[in-house]
Every structure is written in C-alpha cells, then in structure tokens.
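Please read them alongside the sequence and the structure.

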Amino acid sequence: MDFDLITHSIPLLIQGTGVTLEITAVAVFIGMCIGCLMGIMRICNWKILRIIANVYIDCIRGTPLLVQIFIVYFALPAIIGARIEKFPAAVIACSINSGAYVAEIFRAGIQSIDAGQMEAGRSLGLTWWQTMRFIVLPQAFKRVIPPLGNEFIAMLKDSSLVSVIGFEELTRTGQLIISRTYASLEIWTCVALIYLFMVLVVARFVAKLEKRFETK
Amino acid sequence: MKNEMIKIENLHKSFGQLEVLKGVNLTVSEGEVVVIIGPSGSGKSTLLRCINFLEEPTGGSITINGEKITNSQHPKINEIRREVGMVFQKFNLFPHMTVLQNLMLAPMKVRGINEEEAKETALKYLSKVGLAEKANVYPENLSGGQQQRVAIARALCMKPMALLFDEPTSALDPEMINEVLDVMKNLANEGMTMVVVTHEMGFAKEVGDRVLFVDGGNIQEEGNPNEIFDHPKTERMRAFLSKIL
C-alpha cells in the first residue's frame, strides 16, 4: 500500500464525493417530486393518468439505469438536436430512474392508510384531492420515510454509473487517478470506504428521522 | 306531510355476481329517526353507505333534499355529502390531528368558514358530547367511546341536515356503548334526521320512529318499534328476533 499516494489523492476524492452527494441529492429530490405525482396518479380515478403512470413505471423499472444514462446523453441529443451537458444528463437520467421507484414507494404508502380515512374525509364533503392532501398524504409520508431512505442509499451507489459518460463524480475521479498512477488497490479501496461511510451516515440519519416522526 | 329528506328508489347494488341490494325503496322524512336492523350480511350497511355514495349503487336513484343522484360522478356529490354526515363503526378519526383539528378541518375547507368560527363551533359540539376538555388531545389517547363521540361531534360541525350511523357501537367495549347511545338519543330528541344501522335493540325501541328489518337484500318489514318488535309479521323477523333477544 502506498499511503503517500492515498494522502495525495484524498483531496480529489473528496471533491468527487461532493459531486456524488450533489447529484444524488438533486436526483432523489426531483425523483421524489416525480414519484409523488406518479404514485398518486397510479391510484387516482382518471384512467388516462393511471395508464401514463403505469407505462412510466414499467418502462423505467424494466430497463437498466446504465442504458437510461446512455439514452439521455447520447440518444436524446439526436432527437432534440442539441447537446446535453454531462451534469444535466446525469441528473435527468437519475431523477427519472429514481422517480419510478419512489412512485411505487408512495403508492404503497398511500394504500397502507386505512380506506376508512378516505371515506371519512369524503363523507364530510371534502373532495378526493382535499382528502388526499390533508388526511391521507400526511399519514403516508411518515410511513414512507424508511423506504425513501433506502432509495436514497441505492441512488448514492447507483450514481456511480454516470461515470460512463465521463461525469466526474467519486467513481470517475477514482478511475482518473488510477489511469495516471496505476494504484488500483489503494484507490478502489479508498473509493469503496468513502461510499460505505456515506451510506452508514445516511442510514443513521434516516433512522433518527424515523424515530422523530414516530414519537408524535 | 313533512319534508322528504332522503328518498331511495329501486336501489340495486351488486358486488360482482353477488347481489346485495335488490331494489330497495325508502323515504326518510325530516326529523325522523329510522333504525335499520337485520342479520349480518343482509345488506343494511351497504344500504346506508349507498345513501352518501361511499358505495356506488348498481341501479336506482337517491334523492336528497330534492337533488336526484344515481352515481358518485354527479357534479354536486360533494355538496350532497356535506349535508349528510356519517358516523362509522371504526370512528375513522384522523390520527395525525388533535381532536380540535379533526373537527375544524372540513368546516374550514368545505364550508369556507374562518378559523375562529370553526373553533367556536367545534368547541360547542365538543362540549355537547361531553368532551370539551379533550380538545387538544390526539385520538389515540381517547377511549373508544370518547373517539366515537368525537366522530359524532365532527359530523355535527358540518351542520348536516341528516346523519347516518353505521353500527356506531359495534366496535366498542360494552361499558362504553351507553355514552355513545346517550349522545345519539339527545340528537334524536333535538329533531335531527337520523338513519341508524345498529344491533342495539333497546335503542331501536326507545328512539326509533320507524324500524326497518332488512334481510336478503331488501326491506322485509317496517313499522313503529312496538309493532315490529311485539308483533313481527314475517317468519324471518321472528327468527331474527328469537336469536338476538
């Protein structure tokens, strides 16, 4: 083990870690917005909205994220006739991907709320959407915190796939250092440990969050 | 002749192949207390749930205060529902809100009244059901009987023309049944129009203006409580009474 090399590489790797966190946070946030919308659409009364949500979820969950990244970065520009920068491409692919999984999380969360809650709301004259917003969703949000935490952790690791389009997050940074130094052992170990550390921190944070909502 | 408040005509309801309601006709007048009794699976709860379209009828119509409705897609469905309160077997209070918030939500969002007024109304009905001191408590900290009284107060806060009760005491421990029935008796005495599905025969006798015996998807017998309990005309009714009394 060349510890000198590791010390020299650390600043670069930390920079890459920041980028990984950034893309994960943005992707999961946008993914949550898409997922919340699609999750509600999947169980709403409008057939056309249900179909749209089903097609979206099936297509995204039925294809690999890696292929989705290629499509957004290489194929999409051919359609829209303009280049897409690496960061937006990475964010778009990851967000759309995350959205499909989050949609299923929200759908399950909403459906886990007793049907009597919706009936009580409707019987008071609230509309379907009002009941959803004020009664069902606030209860569902609490229940989806653990699976959303899992989704965040999964995206943290899956974001390494955007290294294939040359986007310099943690994995790509590692690759680049190795291509100069040939220090596979040292750098991949470092990269793995950094991912592990991030995941453990996020897992602890989610557990805390879960506890906080539980007591109320 | 009193105002016809709820008029059910030829109501049918099927769940797949199973026909639960087979052409029910029923008129409820203003201020009347109609009690529906009958064996499990007879369709009495389904009938009640069809009145505010929590259950979608397969056929027939329901006229509420002059508005004739055949399905829940009716544009005025929310306006109708706000006029017809419902009390559920399992209370269905909103667990993430305090008692007061449970009571204030619908009047503010549906009736559009301001927070102050909603709070005033909520506290008024809360003391009516004897729970004014529980305003800031969460439902999980209340007993079953208290929860059901809160649920009644929640329905009252919308100032409905009529109240539907779907086996309101069936999920309660025996010692809590009376506190709920007492609240319902008071409402009946004040002239509230009520349709009550229940297994409480004492309540049916004492409070009901009219008792309906539902079995096999239709009303088998109806009349004033004394008539129906003391002189049952049909064999089914006699068999039912012999089992429960």
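1. In this note, buried means under 20% relative accessible area, exposed means over 50%, and partly exposed lies in between, with a 1.4 Å probe and protein chains only. Of the 216 residues of chain A, 47% count as buried.

2. This is a predicted model, in which local features need pLDDT of at least 70 and side-chain atom pairs count only at pLDDT 80 or more, whereas totals for chains, interfaces and linings use all residues. Residues are numbered from 1 along each chain as its sequence is written, chains are lettered from A in the order in which they are written, and side-chain values use heavy atoms, with hydrogens and water left out.

3. Chain A contains eight helices and zero strands; helices (H or I, at least four residues) and strands (E, at least two) are DSSP runs, numbered from the N terminus. The C-alpha atoms of chain A occupy a box of roughly 70 × 50 × 20 Å along the principal axes. Among contacts (heavy atoms within 4.5 Å) in chain A between residues at least 6 apart in sequence, 75% join residues at least 24 apart.

4. Helix α3 (residues 65–80) and helix α4 (residues 86–111), both of chain A, pack at an angle of about 135 degrees, and their axes are 9 Å apart. Axes are lines fitted to C-alpha atoms, for helices over the stretch in contact, and angles run from 0 to 180 degrees between N-to-C directions. Angles under 35 degrees count as roughly parallel, over 145 as roughly antiparallel, 65 to 115 as roughly perpendicular and the rest as oblique; α3(A) and α4(A) are therefore oblique to each other. On the α3(A) side the contact involves A:Leu65, A:Gln68, A:Ile69, A:Val72 and A:Tyr73, and on the α4(A) side A:Lys86, A:Ala89, A:Ile92, A:Ala93 and A:Asn97.

5. Zero disulfides are counted over all chains, a disulfide being a pair of cysteine sulfur atoms within 2.5 Å. For A:Cys36, the closest cysteine sulfur is that of A:Cys33, at 7.9 Å, which is too far for a bond. A:Cys36 is buried, at 17% relative accessible area, and A:Cys190 also counts as buried, at 12%.

6. In chain B, seven of the eight residues of helix α1 (residues 44–51) are buried, so this helix is largely enclosed by the rest of the structure. Its buried residues include B:Lys44, B:Arg49 and B:Cys50. Just after α1(B), B:Phe53 adopts a positive phi of about 60 degrees.
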